[in-house]
Amino acid sequence: MKISAITIFPEYFAPLELSLIGKAKESGLIDFAILNLRDFTDDNHHTVDDTPYGGGAGMVMKAEVWGDAIDSVLPTSQTISDLIILTPAGKKFSQKMATEFARSEHLIFACGRYEGIDSRVTTFYQSQPKVRVHEVSIGDYVLNGGEVAALAITEAVVRLIPGVIGNPESLIEESHNEAGLVEYPTFTKPPEWRGLQVPEVLTSGNHGAIAKWRLEQAEIRSQNARGD
Ligand code: JCH
């Protein structure tokens, strides 16, 4: 898989060198390209933003600059690219979306700043046969730009790529429940810590009873989440 990210803050993507994602890169399973949007400007000031039509506070990122940057990462082959435009108004990112993106040949993260990107960028790439456009949010809170959202999505996607994760058993276990989430409480040694005991069933060695207990706990947790 190729992952391209376009941003005015390429330094935000330094953590990609770390840990699991860094190993996926070294193994050749994933190829990252982090592009500086300002490299696609043609004025002396490397301008990426302008005032909004219709007035209002803040600045909007220019369509011409974004168009040139995105075009530069689109393959000339028949490859389909998934263009992920981060926005607080996008579809909420989920484990289901992570599994969908994990099957992509090419992810492109468009990381805006200010008040976001000129809407015609979305409209234009929606008309391109080799591009699937996704407007995505990572949750109902406002960030200053798309970079942190792109990192979160990258981590959720990369760990699903076969051969990337260190412990494939944990992925198989996750895939057994519908949401793809670990939903039961977890414990490790010591068996007592600050007066708190590990539930006896987990040290019993009775695998049937353990599976039943974990299912019950997951049910209790999902009931609690609904109550929130
Ligand atoms: C972003 C912004 C519009 C603030 C600029 C680009 C994603 N889940 C999530 N929260 N926030 C984002 C996100 C993604 C990309 C950009 N901003 C700042 C944009 C606003 O209101 C119209 C407010 C925020």
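At 1% relative accessibility, phenylalanine 109 counts as buried, where buried means under 20% relative accessible area, exposed over 50%, and partly exposed in between (1.4 Å probe, protein chains only). The model described here is predicted: local features need pLDDT of at least 70, side-chain atom pairs count only at pLDDT 80 or more, and totals for chains, interfaces and linings use all residues. Residues are numbered from 1 along each chain as its sequence is written, and side-chain values use heavy atoms, with hydrogens and water left out.

**The chain as a whole**

The chain has 228 residues, of which 37% count as buried. Its secondary structure comes to eight helices and nine strands; helices (H or I, at least four residues) and strands (E, at least two) are DSSP runs, numbered from the N terminus. Along its principal axes, the C-alpha trace spans about 70 × 40 × 35 Å. The domain assignment gives domain 1 (1-165) and domain 2 (173-224), such bounds being taken from an automatic or database domain assignment. The centres of domain 1 and domain 2, taken over C-alpha atoms, are separated by 37 Å. Among contacts in the chain with a separation of 6 or more, 75% come from residues 24 or more positions apart; contact means heavy atoms within 4.5 Å.

An open sheet is formed by five strands in the order β2-β1-β6-β5-β7, with parallel pairing. Two strands pair if DSSP finds at least two bridges between them. Strands β2 (31-36) and β7 (131-137) stand at the edges with a single partner strand each, so one side of each is left without a neighbour in the sheet. Neighbouring strands of this sheet are turned by 25° against each other on average, direction ignored. Strand β5 (residues 81-92) pairs with β7 in the parallel sense over eight bridges, and lysine 92 stands opposite serine 137 in β7. Helix α5 (residues 147-158) packs on the sheet, where it touches β1 (2-7), β2, β5, β6 (106-110) and β7. The direction of α5 makes about 160° with that of β6; axes are lines fitted to C-alpha atoms, for helices over the stretch in contact, and angles run from 0 to 180 degrees between N-to-C directions.

Phenylalanine 109 lies in strand β6. Leaving out residues up to four places away in sequence, phenylalanine 109 touches Ile3, Ser4, Ala5, Ile6, Ile84, Leu86, Ala150, Ile153 and Thr154. Its C-alpha atom is 6.2 Å from that of isoleucine 6, 103 residues apart along the chain.

Serine 4, in strand β1, is buried with a relative accessible area of 0%. Beyond its neighbours within four places in sequence, serine 4 has contacts that include Ala33, Val73, His106 and Phe109.

Asparagine 144 belongs to the loop between β7 and α5 and is exposed, with a relative accessible area of 65%. Apart from residues up to four places away in sequence, asparagine 144 touches Arg113 and Tyr114.

**The ligand**

The ligand is surrounded by 17 residues, the closest being Ser137, Ile138, Gly139, Tyr141 and Leu143; a residue is near a molecule if one of its heavy atoms lies within 4 Å of it. The table gives polar contacts, each a pair of N or O atoms within 3.5 Å; within protein, one must be able to donate a hydrogen and the other to accept it, and residues adjacent in sequence count only if both atoms are side-chain atoms.

| Polar backbone atom of | Distance to a nitrogen atom of the ligand |
|---|---|
| Isoleucine 138 | 3.1 Å |
| Tyrosine 141 | 2.7 Å |
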